[in-house]
Amino acid sequence: MVATEGMYTGQFIYCGKKATLSVGNVLPLRQVPEGTIVCNVEARPGDRGQFARGSGCFAVVIAHDEDKGTTRIRLPSGGKKTVPSDVRAQIGVVAGGGRTDKPLLKAGRAYHKYAVKRNCWPKIRGVAKNPVEHPFGGGNHQHIGRPSTVSKERPAGRKVGLIGARRTGRLRGVKKLGQDKD
């Protein structure tokens, strides 16, 4: 269960197919009307929620297919997904929206932000390293000195840069968008 916007301390939260359609309650998707904003949606019944869980995220119920027993939802990414109608979802938007609007401003805040997540900060460029630490390291100027594209079959340690690239460079021309079927 995630905190939704509008929840408060001491609020009663009801779960199940007889729960009312109010913020924070958990209902099966078949009980939720089309156009409802939901969050923390399950991928399969009983997995406790997979989709639309990040701060400020929500999914929208698009359509119900009674014959197949499925429901179509629009995810925060903009993609559409079909899930079984008996999966549960929480009503409302996940709290903490706009978290990324405020700049971190200093390295210490970034340090603590990523310290609780995983070891992915700071990110040091390969060309800034020594040749013993990275294939792009070393040299009298910070340059790669070889093509940055590399085969998928290269051994670990050499596989840095654009791995198995089909194409490189700027995307030129107009992207042709296929018409949405919904």
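1. Is G79 buried, partly exposed or exposed? This is a predicted model, and in it G79 has 29% relative accessibility. G79 therefore counts as partly exposed, because that class lies between the 20% and 50% cut-offs.

2. Where G79 sits: the loop between strand 4 (70-74) and strand 5 (80-84). Leaving aside residues up to four places away in sequence, G79 touches I73 and R74. T168 is 89 residues from G79 in sequence. In space, the two lie 26 Å apart, C-alpha to C-alpha.

3. Salt bridges come next. A search of the whole structure finds two. One joins E42 and R88, with the closest N and O atoms 2.7 Å apart. This pair links distant parts of the chain, 46 residues apart. E42 is in the loop between strand 2 (37-39) and strand 3 (59-65), while R88 is in strand 6 (residues 88-91).

4. Consider the cover on that pair. E42 has a relative accessible area of 2%, so it is buried. R88 is partly exposed, at 38%.

5. K68 also forms a salt bridge, with D65. Here the closest N and O atoms are 4.0 Å apart. K68 counts as exposed because its relative accessibility is 67%. D65, with a relative accessible area of 26%, is partly exposed.

6. Finally, surface charge. R99, K117, R118 and K123 form a positive surface patch. R118 is placed in the loop between helix 1 (107-115) and strand 7 (149-150). Its relative accessibility is 53%, so R118 counts as exposed.

Definitions and conventions: Residues are numbered from 1 along each chain as its sequence is written. This is a predicted model: local features need pLDDT of at least 70, side-chain atom pairs count only at pLDDT 80 or more; totals for chains, interfaces and linings use all residues. Side-chain values use heavy atoms; hydrogens and water are left out. Patches are made of residues with over 30% relative accessible area and no salt bridge: like charges are joined within 9 Å, nonpolar side chains (Val, Leu, Ile, Met, Phe, Trp, Tyr) within 5 Å. Accessible areas come from the Shrake-Rupley method with a 1.4 Å probe; for residues, only the protein chains shown count as cover. A salt bridge is a side-chain nitrogen of Lys or Arg within 4 Å of a carboxyl oxygen of Asp or Glu. Lys and Arg count as positive and Asp and Glu as negative; His and the chain ends are not counted. The place of a charge is taken as NZ of Lys, CZ of Arg, CG of Asp or CD of Glu. Helices (H or I, at least four residues) and strands (E, at least two) are DSSP runs, numbered from the N terminus. Buried means under 20% relative accessible area, exposed over 50%, partly exposed in between (1.4 Å probe, protein chains only). Contact means heavy atoms within 4.5 Å.
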